[in-house]
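Subject: Structure handover

Hello,

Here is the structure we talked about. Please open it alongside this note and check the points below against your own view.

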Amino acid sequence: MSMSISELEELARKCRVEIVKMVYRAQAGHPGGSLSEIDLLSALYANYLRAKPDQPDWEDRDRFILSKGHASPGMYAILAEMNFITKQDLESYRVLGGVCQGHVDMKWCPGVDFSAGSLGMGLSFGMGCAIAGRLSSSVRNVFVMLGDGEIQEGSVWEAAMAAKHHELGNLKVILDCNRIQNDDFCENQMRMFDIPAKWQSFGWDVKEIDGHNMEEVVEGLDFLVSNNDNPAILIAHTVKGKGVSYMEDNPAFHGAAPNKEQFKVAMVELGEAEA
Amino acid sequence: MSRMAATRDGYGQALLDMAENEKVVVLEADLGKSTKSLHFRKAHPERTVSCGIGEQNMLLTAAGLAASGYIPFASTFAIFTERAFEQMRNGIARTDLAVHLCGSHGGTHTGTDGSSAQSIEDLGIYRTLPNVVVLHPCDDVSTRVLTNQLVDLGKPSYTRTARNKTPVFYDGRESEIRIGKGVILLEGDDVAIIACGVMVSEAISAAEQLAEQGIRASVIDMHTIKPLDTDLVGKMASKCGAIVTAEDHNIIGGLGGSVAEFLSSTIPIPLERVGVKDRFGESGQADEMLDLMEISAPFIVAAAERAINRKQ
């Protein structure tokens, strides 16, 4: 049963609260990219991803690979909402022995299909999963989320070229274009010019959306799953830190935790506390 | 004259041997003609993935296949596997996915392409990765047997093969070959020469030259660099009281380093390491390279004499 637009928006809000709580508790981590991706992840997990929380290793599940694996609080939040892990597990984020390792890790956390954390690896891994799906005559899809800064890694383009060469129509990329990377805005670190044209020139089907407009997110994911002839990419224009005013569009919150006062402000802004 | 063959041909044959297992898939990065995966590709194109000249993508595509229940065998030149070292580290070793990587044309023995193609560090770097099994067989028969055993290993692996032909030792001796178990090819109790890959035949030649001086040398084929067969190394150390290692690899970090690590904390007997002395090669024929690098049989003989002289 799929969620309505307003239900998806509420799901994403609840995830945002957990993201900020996780990073605040750990006093470390990556809130900015988690908040930019979470509307996309919420809709993907709630309405599209074929997976069984009580059987996370189900062979015929859709795969989801968070290639920007440092944005793990976002993934842990949605995994908890979908019951792959518990809310209590979220408290183990960056804690010794915890299922919620700093970067998403398939050896530690149920529902994680690839141990990411080193940028530029997820699309190639997803390509292997997609070839496996085809060899197994499975209908399963492979979703890979990349960050816009991440596509500066050359290996992404090795994979982009190879995915089209092998006509992997079951391979779907969601690009979280939040325009900020570790040190600064992407345009100051490495200008990428026309990103949609780059993917088109590699033979991919491309659609652009506002990654925080839930109706557009749903349209975009519909585009991905309805297209099985060609590798396809959904380019989502997002705001880093979306939902917490002082984090929005702020490179300082790529990888930094809020202090006590900032945490209170975030909880109010996310509708979790009174002003 | 014994039969001559290249270990890479044993790899190609092994892929054909295992082809009836539908889970076996082969990945190439435009060097299948050289690594010898081309035979599998011709027979089973539907289970062969061309990755173009893109080693980083190849290794992680293999990882995705392994995570999905397939048994991937990926190959390129040893030197080019190193471009994807971090993919091997983070995507394969760390995740403990049973991807089997073969680096052909390893060592200075690969010859006239020169130093850009002569990997002298592959065994050392892969040996430092947790979970990874490292193999360097000496002939086509043992390469074929060991590669077939990888199908059931359930761990990631790296296998170095060589471009050029060397003497074959294992015709009819296939049953003696197991991953993780060194093989005693010659028995003597004055010194034990532990060698791998193309250096095994040099070690045999050295043992024959030592025999002419009345020195009885054992020769061990240590085809598994990791996990090291420490039982056998310890046994040979106790029996001979002196050990020489021989490898076509940097003297830092490879077989000699591994044996030294073990002996220094257990049976600290005289050890002499024959290997490339922390330098790069150049263009030359295989036999010329072994002489230039000071690792051919006469250098093993000299090392054995030094080790014996150092005995208490």
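**Two helices that cross in chain B**

H9(B) and H13(B) make a right-handed crossing (left-handed means that the near helix is turned anticlockwise from the far one by less than a right angle, right-handed that it is turned clockwise). Before the rest, some ground rules. This is a predicted model, in which local features need pLDDT of at least 70 and side-chain atom pairs count only at pLDDT 80 or more, while totals for chains, interfaces and linings use all residues. Residues are numbered from 1 along each chain as its sequence is written, and chains are lettered from A and ligands numbered from 1 in the order in which they are written. Helices (H or I, at least four residues) and strands (E, at least two) are DSSP runs, numbered from the N terminus.

Back to the pair. Helix H9 (residues 199-212) and helix H13 (residues 297-309) of chain B pack at about 55 degrees, their axes 8 Å apart. Axes are lines fitted to C-alpha atoms, for helices over the stretch in contact, and angles run from 0 to 180 degrees between N-to-C directions. H9(B) is therefore oblique to H13(B) (under 35 degrees is roughly parallel, over 145 roughly antiparallel, 65 to 115 roughly perpendicular, the rest oblique). H9(B) contributes Glu202(B), Ala203(B), Ser205(B), Ala206(B), Gln209(B) and Leu210(B). From H13(B) come Ala297(B), Ile300(B), Val301(B) and Ala304(B). Contact means C-beta atoms, placed from the backbone, within 7 Å. The contact of H9(B) with H13(B) has 7 nonpolar, 2 polar and 1 charged residues. For these classes, Ala, Val, Leu, Ile, Met, Phe, Trp, Tyr, Cys and Pro are nonpolar, Asp, Glu, Lys and Arg are charged, and the others, Gly among them, are polar.

**Where the chains meet**

19 residues of chain A contact 22 residues of chain B. On the chain A side, helix H4 (122-135) and helix H5 (154-165) are the elements that give two or more residues. H4(A) gives the most, with 8 residues. By class, that side of chain A has 10 nonpolar, 6 polar and 3 charged residues.

H4(A) and H5(A) also pack on each other. Their axes come within 8 Å and cross at roughly 25 degrees, so the two are roughly parallel. Leu123(A), Ser124(A) and Met127(A) of H4(A) meet residues of H5(A) that include Val156(A) and Ala159(A). No charged residues take part in the contact of H4(A) with H5(A), which has 7 nonpolar and 2 polar ones.

**The sheet in chain B**

An open, mixed sheet of 7 strands runs S3-S2-S4-S5-S7-S6-S12 in chain B. Strands count as paired if DSSP finds at least two bridges between them. Strands S3 (48-50) and S12 (224-226) of chain B are at the edges with a single partner strand each, so one side of each has no neighbour in the sheet. The twist averages 20 degrees from one strand to the next. Strand S2 (residues 24-28) of chain B runs parallel to S3(B), with 3 bridges. Leu27(B) is opposite Val49(B) of S3(B). Helix H4 (residues 55-67) of chain B packs on the sheet, and its direction makes about 165 degrees with that of S4(B).

**Buried parts of chain B**

Buried means 20 or more other C-beta atoms within 10 Å of the residue's own, exposed 12 or fewer, partly exposed in between, with C-beta atoms placed from the backbone. Helix H8 (residues 140-150) of chain B has 9 of its 11 residues buried, so it is largely enclosed by the rest of the structure. Its buried residues pack against strand S1 (4-5), helix H1 (7-17), S5, S6 and strand S7 (157-160) of chain B. Strand S14 (residues 271-276) of chain B has 6 of its 6 residues buried. Strand S13 (residues 243-250) of chain B runs parallel to S14(B), with 5 bridges. One pair there is Ala246(B) with Val274(B).

Val132(B) sits in the loop between helix H7 (122-127) and strand S6 (133-135) of chain B. Val132(B) is buried, with 21 C-beta neighbours inside 10 Å.

**Backbone points to check**

- The peptide bond from Lys226(B) to Pro227(B) is cis, with omega near 0 degrees.
- Gln27(A) is not a glycine, yet has a positive phi of about 50 degrees. Gln27(A) is exposed, with 11 other C-beta atoms within 10 Å.
- Glu167(A), also not a glycine, has a positive phi of about 50 degrees. Glu167(A) is partly exposed, with 13 C-beta neighbours inside 10 Å.

Best wishes

Conventions:
Two residues are in contact if their C-beta atoms, placed from the backbone, lie within 7 Å.
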